[in-house]
Amino acid sequence: DAHSQKSDASSYPAADSGAPNPGNADPDAGSSVTPDSGSSSACASPFTGTLVTFDFTGDPGNQASTAPKTTAAGITAASLTRSGSLTAVTGASSINASNWSTAAKPDATRYYAFTLTPGPNCTLDLTSLSIDSTSSGTGPAKGAVATSDDQFATTAAFTAGAPTKVTLSVSQATKAVEV
């Protein structure tokens, strides 16, 4: 079984404060939502900071999805979900799953995902994602993060069970980005 406890998605320009706080989403991660050049913008003033946080405190683990706890102005964030190839499993204060692959490479059919969408006339840059995850003895020891911006071609690896910040490379997105 593996479950994710808290994560936040953030973007450019990055203000790196070191390792994320495992008890909270990383408030110093860099992020931005900015107006498109030359447009009359419905986008709020440029924003730098954490765009979305997910907190699973009190969740049973086997819920279908978890809604964002906080979302920055000028951004829409969809709920975090697990893929259909995973089996929902109870696990206090988590979104939990079993049926993970034991292969050495990432399995593109087994994942957690959420989508970020910039507001009208806005662009979105993502430079980092802070993750606080755990894994049981039968769960995956490592994971990888990818985005739809490059059709999930670029992955950023991380070790399960240790709070970490992975680097993302999404720049000037004007439509939804799945992470």
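## Ground rules

Since the model is predicted, local features are given only at pLDDT of at least 70 and side-chain atom pairs only at pLDDT 80 or more, while totals for chains, interfaces and linings use all residues. Residues are numbered from 1 along each chain as its sequence is written, and side-chain values use heavy atoms, with hydrogens and water left out.

## Overall picture

Let's start with the secondary structure: the protein has 17 strands and zero helices. Both are DSSP runs numbered from the N terminus, with strands (E) of at least two residues and helices (H or I) of at least four.

Of the 179 residues, 41% are buried, meaning under 20% relative accessible area with a 1.4 Å probe and protein chains only; exposed means over 50%, and partly exposed lies in between. The protein's accessible surface is about 8,500 Å², and carbon and sulfur atoms hold 52% of that. These areas come from the Shrake-Rupley method with a 1.4 Å probe, and for residues only the protein chains shown count as cover. Among contacts (heavy atoms within 4.5 Å) with a separation of 6 or more, 64% link residues 24 or more positions apart.

## A three-stranded sheet

S5, S8 and S11 form an open antiparallel sheet in the order S5-S8-S11. Strand S5 (65-66) and S11 are the edges: each has a single partner strand, so one side of each is left without a neighbour in the sheet.

Pairing here requires at least two DSSP bridges between two strands. S5 and strand S8 (residues 80-82) run antiparallel and are joined by two bridges; in one of the pairs, Ser-65 has Thr-81 of S8 as its bridge partner.

## The main nonpolar core

The largest nonpolar core contains 24 residues, and those with the most contacts inside it are Phe-114, Leu-116, Leu-124, Leu-126, Leu-129 and Val-145. At least two core residues come from each of strand S3 (50-55), strand S7 (75-77), strand S13 (122-135), strand S15 (156-159) and S16. Such a core is a set of buried Ala, Val, Leu, Ile, Met, Phe, Trp, Tyr and Cys residues joined through side-chain atoms within 4.5 Å.

## Two positive phi angles

Asn-99 is not a glycine, yet its phi is positive, at about 80°. Asn-99 lies in the loop between strand S10 (94-98) and strand S11 (112-113), and is partly exposed at 39% relative accessibility.

Gln-172, also a residue other than glycine, has a positive phi near 60°. Gln-172 sits in strand S16 (residues 164-173) and counts as partly exposed, with 47% relative accessibility.
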